[in-house]
Amino acid sequence: MDFIVRRDDDALKLERISSCNFGTSCLSAHADKEQFQGNQKLEELHIAVEGSGALSVVVQGPSGCGKTSLLRDYLSLRGRTVGDSVMVVHLGEQIDSKVLLGTFTCTAVPGEFVWMPGLLTKCVLNGHWIVLEDIDFAPPDVISLLLPLVKTGRLNLPGYYEAVVAARDFKLFLTQRTTSTGCPEAGHMVAGLLKVLEDHSVTLTLPPHTTDDIEKVISSEYPDLETFTKQLALTVVEQGVSLRHVLKLCNRIVPQVAHGRLTSVPDMMLDLLDCFCGHLSGEKKLSKALKLSHLCGGLSQNMVEQLCFSHMPSLQSSPSTFSVGRSYIGRSCSSQSKVCYSHTQSSLSLLEAVSRCVQMAEPVLLVGETGVGKTATVSYLASVTGYKLVVMNLSQQTDSIDLLGGYKPVQMVHIVAPLKEEFEELFRATFSLKQNGHFLASVQTCVTKKQWIKLLKLMVHSVESAHKRTKRSDKNLYAKWGKLGLKLKKLRQQLLKSQTFAFTFDEGALVEAVKEGWWILLDEVNLASAESLQCLSAILEAHSNSLLFMEKPDSEPVTRHPDFRLFCCMNPSTDVGKKSLPENIRNRYTLDQHPFHK
């Protein structure tokens, strides 16, 4: 079989003309400065972007100081949305440069490979903005490919003699973590490269959040929690609790506050344990809980200890809802559970915590030894609520294709069948079935005898006739016939290569779950490769309502279904051969708990 690789310069020229499925931007070159007044950080960032003339902006500061939030707010004010005119990439130690630059990938035509530009390349060509999170965690080769871009505005692609010139509106944003002393967290290997990168960029340094800053954030997002704002702000500063987890706690307890007072102090304490103490066990968990109990109005030590280790929630079930303790979930269907589950104190306590995360649409991470019931808890909850659960066991051999999808060989009949159904539906809406019965019989005969070339000629002829008939009378039907014509043109290319099999894009389990609203459980998530973990970054971001998966060349943003939930399980990283999750992924989970361990 001959292999064809399309890699001429016209491919890059076409990328600049097309929108690459990012959408078109109707933004003016300069935003009105008045919309940033009143927020010093936003004003400084706006000046860095528009006033300096630099191609890239580095936003640095300690973990949790608001780098990502600042960029998200600024992009929102500029009218740019993630997945449309802005791309966000979370970098890690093992990320491959092909994710940013691009790579050759197969197409639906057997033996043909095309160049698929990476995220950075598409943004450079189309004048979009791109945010690279945690640049200090990137490997040296990824940082090196950015240096010519920020210096000269040109991106060097492997295999191309001429560099790609950045479009006029292109902007590169980098976030970098620093220590409490202001020094970068990066190692010596990349520190020098980062210094060169900063010298050719505008650097905006964010200090750690003060108590006043945190109070303003909480009061603006949750005005009903006015009586708790100061205490929560002090918790972040004094106890070292992540602001992200504090905001999740606020989101949970807002319904529990009436006229400035808690309606249920124990329920808030349980939410506090889930958000702040889930990663601890035994005496460490109790000690942390006692230090934070003042947020609930001051519970006794016995009450805190009882909530930590002896809390026994009750189960209640109705045709429409399922509740365990303080959490409740609407049923997807009225089917009853057939999964066995032991209703012990520890298992019900864990079930309540997981149910609470599901109720608040938060990602779940369960950490525990093999056989303690991590998978069983999620399976039981999905069964009693009627939601479809997809379980995937990850390993070091798991590829991103398994999660997102990829091209797979199939029999030609699987390619032709959906096209035939679409053709017949349009044919019935356009032509008379009585007068064209013989023609439709010929179409069916071609399918039965697998005469694909003859079938293609019959359908192409019908498309041409339909265009003439519907061009003026029915624009909607005319457009549908046009889309079918493009699909038939693609089918013709496939048949020229092979009439027995072809390649089709098969969506992965993760993409299907996001689109259909299924629940997905990723077991042994800490064994997955860095490339596979990269797929989870956008899903873990609560503000992402649409996701862009780049495995398919003509992919479009996937809208997250409101019923979609993500569960991850892992063994402790102390086990032989087990590693911990990257910090920038781990801290986005709400529940990080060792099940059944005190």
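Me: How are helix 14 and helix 15 oriented to each other: roughly parallel, roughly perpendicular, roughly antiparallel or oblique?
Reply: This is a predicted model. In it, helix 14 (residues 345-359) and helix 15 (residues 374-385) pack with their axes 10 Å apart, at an angle of about 60 degrees. Angles under 35 degrees count as roughly parallel, and 65 to 115 as roughly perpendicular. The pair is therefore oblique.

Me: Which residues of helix 15 meet helix 14, and how many residues of each class are in the contact?
Reply: From helix 14 come L350, L351, V354, S355 and V358; they meet T377, Y380 and L381 in helix 15. By class, this contact has 6 nonpolar, 2 polar and no charged residues.

Me: Is the crossing of helix 14 and helix 15 left-handed or right-handed, and what about helix 18 and helix 19?
Reply: Helix 18 and helix 19 cross in a left-handed way. The crossing of helix 14 and helix 15 is right-handed.

Me: How is helix 18 oriented to helix 19?
Reply: Helix 18 (residues 437-448) and helix 19 (residues 452-470) have axes 8 Å apart and pack at an angle of about 150 degrees. Angles over 145 degrees count as roughly antiparallel. That is why helix 18 is, relative to helix 19, roughly antiparallel.

Me: Which residues make the contact of helix 18 and helix 19, and how many are charged?
Reply: Helix 18 contributes F439, S442, V443, C446 and V447, and helix 19 contributes W452, K454, L455, L458 and S462. These divide into 7 nonpolar and 2 polar residues, and the number charged is 1.

Me: What is I130 in contact with, leaving aside its neighbours within four places in sequence?
Reply: Contact means heavy atoms within 4.5 Å. With those neighbours left aside, the contacts of I130 are M87, V89, L119, L120, C123, F170, K171, L172 and F173.

Me: How many of the contacts with a separation of 6 or more join residues 24 or more positions apart, as a percentage?
Reply: The chain has 598 residues, and buried residues make up 49% of them. Among its contacts with a separation of 6 or more, the share from residues 24 or more positions apart is 75%.

Key. Residues numbered from 1 in each chain as written. Predicted model: local features only at pLDDT ≥ 70, side-chain atom pairs only at ≥ 80, totals over all residues. Heavy atoms only, no water. Axes fitted to C-alpha atoms, helices over the stretch in contact; angles between N-to-C directions. Helix = DSSP H or I, 4+ residues; strand = E, 2+ residues; numbered from the N terminus. Left-handed = near helix turned anticlockwise from the far one by under 90°. Nonpolar A, V, L, I, M, F, W, Y, C, P; charged D, E, K, R; others polar. Buried < 20%, exposed > 50% of the residue type's maximum accessible area, 1.4 Å probe, protein only.
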